[in-house]
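Reader: Can you walk me through this one? I'd like to go piece by piece.

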Amino acid sequence: MAEPILELRGLSRRFGALRAVDKVTLAFERGRVHAVIGPNGAGKSTLLNLLSGELRADGGSVHFRGEDVTRAPPDRLSRLGIGRSFQTATVLEGLTCEETLRLAAQSCLRSSMRFFRPSDRYPEVNARAERALGECRMTARRSARAKDLSYGEQRQLEIGMVLATSPQLLLLDEPLAGLGHDEALAVVDLLRAIAVEHTLVLVEHDMDAVFSLAAAVTVLVNGKVLETGTPAQIRASPAVREAYLGEEEP
Amino acid sequence: MTLSLVALQLLNGVEQGLLLFLVASGLTLVFGVLGVLNFAHGSFYMLGAYLAFWLAERTGSLLFAVLLGVPLMLLFGFLVERLAVARLYQRDHLSQVLLTYGLVLLFNELSRLLFGNDVHPVATPALLSGSFKLGEVQSWPAYRLFTSLSCLVIALLLRYVILGTRFGMRLRAGASNAEMLEVLGVDVRKLFARVFSAGVALAALAGMLAAPLTTVYPGMGESVLVISFVVVVIGGIGSVRGAFFGALLVGIADTFGKVLVPSVSSAVVYAVMAAVLIWRPRGLFGAPAEAR
Amino acid sequence: MTARQRVQALLCAGALALLAVAAVGDRFWLQLFGKAMITCIFAISLDLLVGYAGLVSLAHAAFFGLSAYALAGLTNRLQLVNPLLTLPLALAAAALAALCIGWLSLRAAGVYFIMVTLAFTQMLFYLFSEAPWFGGSDGLYLSQKPLLSILGRPLLDLGNRTAAYLFIFAALVLSYFFLSRLLRAPFGRVLAGIRGNEQRTRALGFSTARYKLTAFVIAGAVAGLAGYLDAALYGFVNPAELGWRQSGLLLMTVLLGGRGTLYGPILGAFLLTFLEHYGARLTDHSSALIGAVVILVVLFLPRGVAGLVERGGRG
């Protein structure tokens, strides 16, 4: 078994009486696409927010490449190499695609507390932004304002922003949610291409996409891990069928 | 400091805090329910004081002035909400700050136009002109006791309205989640107008009650506005309970500051606020921060 | 002509006009335009916060006033008149105050931030109006204006009207270039990200709190420059300069001109300076006039005059 890049040990988070994430222990292996699925309210988003530092855990720990990062804030996690995308495409209003990606690419500078040289005159920033622009397939739309993009394009840009930070691990929060059929296909195709060189944790509703992309699938129900396995194992699991897939499968 | 002096300062502090609560509760409610940061709130305090002065001169009684003045200010608040504030609900904080700042300038000039730049005294009602002895030297004016009790009654009334009535239920629903109101089928426009004019009336009433104590002068609303902000920050925005305890804390800190450290007394309440900010950035009764 | 070219043409024409005023050398115009340019510096520094970092600060007058008082203190108490000494010290005082107030205020998000900055501004206002060693509410006269001389020969004398005017002009040009450069640099791009979506920007690896605080301190220092020039131009400081009305008026200047454009607040500063000046001549109640303008601008011109300039070409 390959070495895990990210490990969760008994990770928990409560909201009042609700145990949104309840003692989750999981390992994400380097170089794979690992999907986390589950019915609405299963705690997928909370889990992702715990991993990206947006929320603070009440119990348990998170280890990234062996280092305990349970209490690290989002900006530090990003600098360590955990990039995340957001479910509601959070494009930065007022910026063009190119500017957005250049901002994300600035994370390669040791610090952005630089006050004089314009950001488009840093060769390494430009190179990274350009590469991310290509990777998220938005080169043709470089000068478009982010808020004028279609929904699908916003998702692509969102993924491009994560890529521009050169992450070792990408946490993707429902990258297909709310997309039309063709747009979803384009994003799945994009994710497949990214998966060649990156480790992905994919929280997603779209079952077809999950089973076509993921090497491992974890099913979360009521904040607990119900089962983890290959797509074939998960498809065959009676427990999963009962808890979750029953209504979705024909 | 003798015991009786401490007692006197404590009483003064509580009285000042209770008056402050009337102003701050309106401010915090208007922000909590309407989502509008109202810089003109202090002006309503000032207008209330001027109205009390003017009506008391005409009617010869502060009581009549208050009885006439509060409904007038309710109406005035309603008009201001409909004509100006209602246009701010979808706007950002900067627009809110500036529009209500514009109102402050207008109201200040209005009062100067009508009453000039002079300081106007307002007579304490004859019935309440006595005072209670505290120890050997100190005494506490009966009017201050009356003010404190009135404010306390209003605070209890407010508590009843918020916790015990349908209106209060809608108000709380609106403060926590404005969309809930639509779901409940509440006429949001009407609710907002009512809350705003109630806030105006509370601030004006505080001004009327304070008029005999502080005299009436142009710009008197601004220091009250700033102190009310301090109260709201300490108590937590949107929390009436927070405003109550915040106001008492600020009132007491201010009066003791004036006695203990007179040279920097004006900084004392801000130091309290800074301490609260370091300790609990969302105020004593504010919701704790979810995200980091 | 693109919007950008139109703006550049406008700025160049404006700069030439300002130099022409210096050439005429009339005392009244030098004073009025000098005041307007100081307000420009003050306003563009606030635009860095309001228009770019999305921080509505009411503490800005505090840094302006503190720097002005610092100059007065250094001149009157320590007999320091050399601007090479007094200017950096005054700016450092403003920056230090901005660091303290900013650190505390930025702990509070959104609407709390506005209220807290207002409260600290008023605290300083009360302290300076009450403390006798700063002249109380009457304010303070400078015993001498900043003077730079080398080997006994005056090189820069801010007591000279034209010299002071040109010095202010140079300060405005430098501030404008400094800020516009800053906004295109990595630092400014992070601010743009914060304005767009702070959470997202943080998730990209930027410690947004530190960037906001840095912006707050830089803006405070530039506001300090404006305060220094103001004290040097008039030879007088008073606590009203520190008050929240001043901060409110400045926010209004930024909105009137058009926030987030840098040149917009410059237009706003000129408009407002003239409005104040001629309004005060017209009526004793000119504040009401300004109040009415504020309300009308908020309601009908939310993007300010700059919005009109940029729309101009498209009809």
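**Chain A overview**

Author: Chain A has nine helices and 10 strands. Helices (H or I, at least four residues) and strands (E, at least two) are DSSP runs, numbered from the N terminus. This is a predicted model, where local features need pLDDT of at least 70, side-chain atom pairs count only at pLDDT 80 or more, and totals for chains, interfaces and linings use all residues. Residues are numbered from 1 along each chain as its sequence is written, while chains are lettered from A and ligands numbered from 1 in the order in which they are written.

Reader: What radius of gyration does chain A have?

Author: Chain A has 18 Å. For 250 residues, a compact globule would come out near 18 Å, so the value agrees. That radius is taken over C-alpha atoms, and the globule rule is 2.2 Å times the number of residues to the power 0.38.

Reader: And what box do the C-alpha atoms of chain A fill?

Author: Roughly 60 × 40 × 40 Å, along the principal axes.

Reader: What share of chain A counts as buried?

Author: 48% of its 250 residues. Buried means 20 or more other C-beta atoms within 10 Å of the residue's own; 12 or fewer is exposed, and in between is partly exposed, with C-beta atoms placed from the backbone.

Reader: Contacts next. What part comes from residues 24 or more positions apart?

Author: In chain A they make up 66% of the contacts with a separation of 6 or more. A contact is two C-beta atoms, placed from the backbone, within 7 Å.

Reader: On to sheets. What is the order of the six strands?

Author: It is β6-β7-β8-β3-β9-β10 in chain A, an open sheet with mixed pairing. Two strands pair if DSSP finds at least two bridges between them. The edge strands are β6 (82-85) and β10 (224-229) of chain A, each pairing on one side only. On average, neighbouring strands here are turned by 15 degrees against each other, direction ignored.

Reader: How do β3 and β8 of chain A run, parallel or antiparallel?

Author: Parallel, with four bridges between β3 (residues 33-37) and β8 (residues 199-203) of chain A. Within that pair, Ala35(A) sits opposite Leu202(A) in β8(A).

Reader: Which strands does α5 of chain A touch?

Author: Helix α5 (residues 151-164) of chain A packs on this sheet against β6 and β7 of chain A. Its direction makes about 170 degrees with that of β6(A). Angles run from 0 to 180 degrees between N-to-C directions, and axes are lines fitted to C-alpha atoms, for helices over the stretch in contact. α1(A) lies across β3, β6, β7 (169-173), β8 and β9 (216-221) of chain A, at about 145 degrees to β7(A).

Reader: What about the sheet of four strands?

Author: That one is open too, in the order β2-β1-β4-β5 of chain A, with antiparallel pairing. β2 (18-29) and β5 (67-68) of chain A have a single partner strand each, so one side of each lacks a neighbour in the sheet. Helix α1 (residues 44-51) of chain A packs on this sheet, touching β1 (4-15), β2 and β4 of chain A. Its direction is at about 60 degrees to that of β2(A).

Reader: Chain C, then. What is phi for Gln79(C)?

Author: Near 55 degrees, positive in a residue other than glycine. Gln79(C) is in the loop between α3 (60-78) and α4 (83-105) of chain C. Gln79(C) is exposed, with 9 other C-beta atoms within 10 Å.

Reader: And Leu262(C), buried or exposed?

Author: Buried, with 23 other C-beta atoms within 10 Å. Phi of Leu262(C) is positive too, near 70 degrees. Leu262(C) is in the loop between α10 (244-257) and α11 (263-282) of chain C.

Reader: Last one. What distance does α6 of chain C reach?

Author: Helix α6 (residues 161-184) of chain C reaches 35 Å from its first C-alpha to its last, close to the 34 Å expected for its 24 residues at 1.5 Å a residue. The expected span is 1.5 Å times one less than the number of residues. Buried residues in α6(C) include Phe167(C), Ile168(C) and Leu172(C). Among the elements covering them are α1 (3-24) and α9 (208-234) of chain C.
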